[in-house]
Amino acid sequence: MWQALYEELRDRRFVVIAVALDKSAEDARPWIEKAAPTYPALVDTQHVVADLYNIVNVPTALWIDERGRIVRPNDVVFGTDTFKHITNLKSARPLAAVRAWARGETAGFAPGEARGLQALPTALDQQARAEFGLAEWLARHGEAGAAEPHFVRAGELAPHDFTIRRGSMPIRGIDPMGPQFREMIQAWAAGGRPYYRPLPDTRG
Amino acid sequence: MFTVIEAGRECAVDARVEGGRVLLSAEPLREALGFELHEGTLCNDTMCVPLPAGSRLGEGGVFDLGEVAATLDRPLAVDTAAGAAFLGVSAGERAQALGSLLAPDFTLPDLAGRPHTLSSYRGSKVFMVAWASW
């Protein structure tokens with residue numbers, strides 16, 4: 001999905017950088033190979049980017065200008081309408097917005113506005129990320145039993161962080177599309193909380 | 001041996017566990033985290049943090065890893081049984097970086113293992129999208 005956008009806009013000094021928050025390159029590989037990207041498709045097994053950018057779910061997109069400034073902070077942007085019936089988020093408007101920005105027709109947000117739209121991490125968020133970091137390290141070193149309580153603790157500290165609560169499932173041998181995930185989502189939604197939190201102009 | 005992990009590095013050092021606390025002496029602390037205590041201040045190559053009034057960190061040459069983390073205002077996750085601890089980055093530091101609107105830099109591999117650094121794309125507009133197979 002992003003490959004078409006990238007090809008359309010690459011002579012505009014525009015690049016897509018995709019970051020897979022997957023447990024291994026092998027989990028991300030089939031999707032990346034299918035997309036056959038010529039833009040950087042990176043693998044972030046330790047959730048470095050999630051920590052740096054306070055990313056709490058996927059897909060999350062942001063715009064960074066030529067000087068390395070964030071001009072549109074974390075937003076929910078789907079490349080297609082495949083999940084529209086679940087998410088109620090259409091892809092056309094955000095994609096049109098990226099195009100307009102890449103072509104220089106629009107500028108992204110001014111600093112004050114961009115800051116106003118950022119969700120900044122709390123101490124609990126960062127404690128959760130430390131627990132996840134420890135759990136991921138333990139799991140990677142063959143200590144699944146030791147890792148498990150730290151994955152659980154991370155999810156308790158940051159219940160809105162689905163890069164932790166759902167992202168940890170493949171590492172723990174839990175189906176991220178299965179009953180445990182569905183239960184988690186139902187409990188979350190029952191509290192009146194949205195699973196996706198797009199920016200106001202994406203939500204419409 | 002106890003493994004102290006931060007993003008991008010890990011170090012196995014001499015430490016003992018006592019009552020749930022991870023205790024290490026000055027040299028392993030320096031080895032693991034780059035910090036040394038000098039006259040009431042905890043310093044590494046780039047920063048110094050004064051100890052709060054009444055702090056007994058490092059008394060008798062013994063450092064409690066949890067107290068070190070608290071002094072640095074950084075989150076710590078510990079598993080004494082597994083002999084490992086992860087020292088994260090504070091919310092304050094992350095919030096300050098994000099609030100500056102300068103996109104935090106990172107280096108990550110592609111499927112071929114080639115590293116890519118965000119800042120090397122300066123001069124282009126970057127549309128960065130985090131996704132996952134889950």
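Two strands are said to pair if DSSP finds at least two bridges between them. Helices (H or I, at least four residues) and strands (E, at least two) are DSSP runs, numbered from the N terminus. This is a predicted model, in which local features need pLDDT of at least 70, side-chain atom pairs count only at pLDDT 80 or more, and totals for chains, interfaces and linings use all residues. Residues are numbered from 1 along each chain as its sequence is written, while chains are lettered from A and ligands numbered from 1 in the order in which they are written.

**The two chains**

- Chain A has 11 helices and 4 strands.
- With a radius of gyration of 18 Å, close to the 17 Å that the globule rule gives for 204 residues, chain A is as compact as a globular protein of that length. The radius is taken over C-alpha atoms, and the rule is 2.2 Å times the number of residues to the power 0.38.
- The C-alpha trace of chain A spans about 50 × 35 × 35 Å along its principal axes.
- Chain B contains 3 helices and 13 strands.
- The radius of gyration of chain B is 18 Å, whereas a compact globule of 134 residues would have one near 14 Å.
- For chain B, the C-alpha trace spans about 55 × 30 × 25 Å along its principal axes.

**Contact between the chains**

- Chain A brings 74 residues to the contact and chain B brings 45 residues; two residues are in contact if their C-beta atoms, placed from the backbone, lie within 7 Å.
- On the side of chain A that touches chain B, helix 7 (residues 123-140) of chain A gives the most, with 11 residues.
- That side of chain A has 47 nonpolar, 11 polar and 16 charged residues. Here Ala, Val, Leu, Ile, Met, Phe, Trp, Tyr, Cys and Pro count as nonpolar, Asp, Glu, Lys and Arg as charged, and the others, Gly among them, as polar.

- An open sheet of 5 strands runs in the order 2(A)-1(A)-13(B)-3(A)-4(A), with mixed pairing.
- Its edge strands, each pairing on one side only, are strand 2 (41-43) and strand 4 (70-75) of chain A.
- From one strand to the next, the twist of this sheet averages 15°. Angles run from 0 to 180 degrees between N-to-C directions, and axes are lines fitted to C-alpha atoms, for helices over the stretch in contact.
- Strand 1 (residues 14-20) of chain A pairs with strand 13 (residues 125-131) of chain B in the parallel sense over 7 bridges. A:Ala18 stands opposite B:Val129 in strand 13 of chain B.
- Strand 3 (residues 60-64) of chain A and strand 4 of chain A are antiparallel partners over 3 bridges, and A:Trp63 stands opposite A:Arg72 in strand 4 of chain A.

**The sheet in chain B**

- Strand 5 of chain B pairs with strand 6 (residues 41-43) of chain B over 3 bridges in the antiparallel sense, and the bridge partner of B:Leu37 in strand 6 of chain B is B:Leu42.

**A helix pair in chain A**

- Helix 7 of chain A packs with helix 8 (residues 144-157) of chain A at an angle of about 165°, with axes 8 Å apart.
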